[in-house]
Amino acid sequence: MNDEAVSANTAPCAGMFGPAPRRATRQVRIGKVRVGGDAPVVVQSMTNTDTADVASTTKQVAELWRAGSELVRVTVNTPEAAAAVPRIVEKLAMMGVEVPIIGDFHYNGHQLLANEPACAEALAKYRINPGNVGFGKKRDTQFAQLVEFAIRHGKPVRIGANWGSLDQALAAKLMDENHALAVPLDAAEVLREALIRSALDSAARAVEIGLPADRIILSAKVSGVQELVAVYREMSRRSDFALHLGLTEAGIGSKGIVASSAALGVLLQEGIGDTIRISLTPEPGQSRTTEVIVAQELLQTMGLRAFTPMVTACPGCGRTTSSFFQELAKTVQEHVRAKMPEWKVTHPGAENLTLAVMGCVVNGPGESRHANIGISLPGTGEAPSAPVFVDGEKTVTLRGEHIAREFVALIDGYVERKFAAATRPG
Ligand code: SF4
């Protein structure tokens, strides 16, 4: 997706009850995608295939991009992975997949980039973990080498500190300094400061070496919700680098989704964060694209961006005796999500459509009237008919076996009428 398309999807301001204005950060260009400044919050993800496996990695990057990931990161951990990167980027271009690929480097990044200039050139951004670039005396040299590669190839970098690979030398130094204080800080506070300083000092060092500040994105990930909020509030207060938000090792299933949404939701509400990744552990057999959908839904439900029509559905209760209502809500959500890649081109604005699928007359008609299109299904003991509301007006009542098909056709017809004109001449 190009940056123009990203901008076009920006949701209108949510007004006085919406998020705080975004914190002013320096804008960074990653290929055609803008991050920070006045750009919308960008969704990104990471593959879990072996990067050396060109076919699998290309396939997964394409899937993540189709799901809406605007940047995709791949691990570059071996000479084989580094050699595969240019081939992956070439294949994606041939498939029409226009997504910037970010290389994730640890320990041996400086060697891999030196030995594979084509990889250094094909990547749109390098991720450097200051706690993992090397040990002892080699750390500073190898960090400088990575930054010099970025300068030479004109690439931005993310300096991504991580709780699990905290710079131990820096942590020990800050601990010693703390012990010498008349009133020492809590050890947890010192370690938090070490994480923040690891990111900020590394960024200052990169600028000193010659990397422009508008080619640097920062992150400092931890796995605890409250800790992450505290770390990013402080990073945002102390710098104007664009910030990549993510709760590291968020976990599997609902726990990972809830923890990530809680942490990132608080920060985004405060205007902190320029790009997000939801680090979910996929359930066995689950698609990697779930993390992209969760990131989009987080931004859309907060009113920050719009990606796909949102379906409001009641939870159901004892008044809904069949599963039809749940099936209809699922059918509608899946239908609009599947149509959205096409609508994005042919019917721009369709992503702002609101839909309601309600289980009975208690809240059904009221909620349906608030949506662009809503349906109120019959609850137990109610007449077997389903009134449909379009822009607040009851337009038709559906009955019989084909309610789902007919309701979906009404949605498609509405999108056709309301959103097609903008792209058609005359
Ligand atoms: S709208 Fe009706 S079916 Fe849905 S939760 Fe409320 S009372 Fe129950």
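Cysteine 314 counts as partly exposed because its relative accessibility is 22%, where buried means under 20% relative accessible area, exposed over 50% and partly exposed in between (1.4 Å probe, protein chains only). The model described here is predicted, so that local features need pLDDT of at least 70 and side-chain atom pairs count only at pLDDT 80 or more, whereas totals for chains, interfaces and linings use all residues. Residues are numbered from 1 along each chain as its sequence is written, and side-chain values use heavy atoms, with hydrogens and water left out.

Cysteine 314 is located in the loop between S13 and H12; helices (H or I, at least four residues) and strands (E, at least two) are DSSP runs, numbered from the N terminus. Not counting residues up to four places away in sequence, cysteine 314 touches Phe325, Val357, Met358 and Gly359, contact being defined as heavy atoms within 4.5 Å. Cysteine 360 is placed in the loop between S14 and helix H13 (364–370). With a relative accessibility of 9%, cysteine 360 counts as buried. Its contacts, leaving aside neighbours within four places in sequence, are Arg319, Pro365, Ser376, Leu377, Gly379 and Glu382.

Both cysteines belong to the residues around the ligand, which are Cys314, Gly316, Cys317, Arg319, Thr320, Gly359, Cys360, Val362 and Asn363; a residue is near a molecule or strand if one of its heavy atoms lies within 4 Å of it. This shell has four nonpolar, four polar and one charged residues. In this classification Ala, Val, Leu, Ile, Met, Phe, Trp, Tyr, Cys and Pro count as nonpolar, Asp, Glu, Lys and Arg as charged, and the others, Gly among them, as polar. An unreviewed UniProt entry carries the annotation "binding site" for Cys314, Cys317, Cys360 and Glu367. UniProt positions are given in the numbering used here, feature names are shortened, and annotations may be inferred rather than shown by experiment.

S13 and strand S14 (residues 354–358) run parallel and are joined by four bridges; two strands pair if DSSP finds at least two bridges between them. Alanine 313 has valine 357 in S14 as its bridge partner. Axes are lines fitted to C-alpha atoms, for helices over the stretch in contact, and angles run from 0 to 180 degrees between N-to-C directions.

A second sheet is a closed barrel of eight strands, S3-S4-S5-S6-S7-S8-S9-S11, with parallel pairing. Strand S3 (residues 42–46) pairs with strand S11 (residues 275–276) in the parallel sense over two bridges, and valine 42 stands opposite threonine 275 in S11. Helix H11 (residues 290–301) packs on this sheet and touches S3 and S11, its direction making about 160° with that of S3. S3 also runs parallel to S4, to which three bridges join it; here glutamine 44 stands opposite leucine 71 in S4. Strand S4 (residues 71–75) is largely enclosed by the rest of the structure, because four of its five residues are buried. The unreviewed UniProt entry lists residues 25–295 as "domain: IspG TIM-barrel". This span is 48% helix and 17% strand, and its end C-alpha atoms lie 21 Å apart.

Proline 40 lies in the loop between strand S2 (33–35) and S3 and, at 6% relative accessibility, counts as buried. Serine 260, in helix H10 (residues 253–269), is also buried, with a relative accessible area of 1%.

Most residues other than glycine have a negative phi. Glutamate 249, which is not a glycine, has a positive phi of about 50°. Glutamate 249 is found in the loop between strand S9 (242–245) and strand S10 (251–252) and is exposed, with a relative accessible area of 54%. Aspartate 391 has a positive phi near 50°; this residue lies in the loop between S16 and S17 and is partly exposed, at a relative accessible area of 37%.
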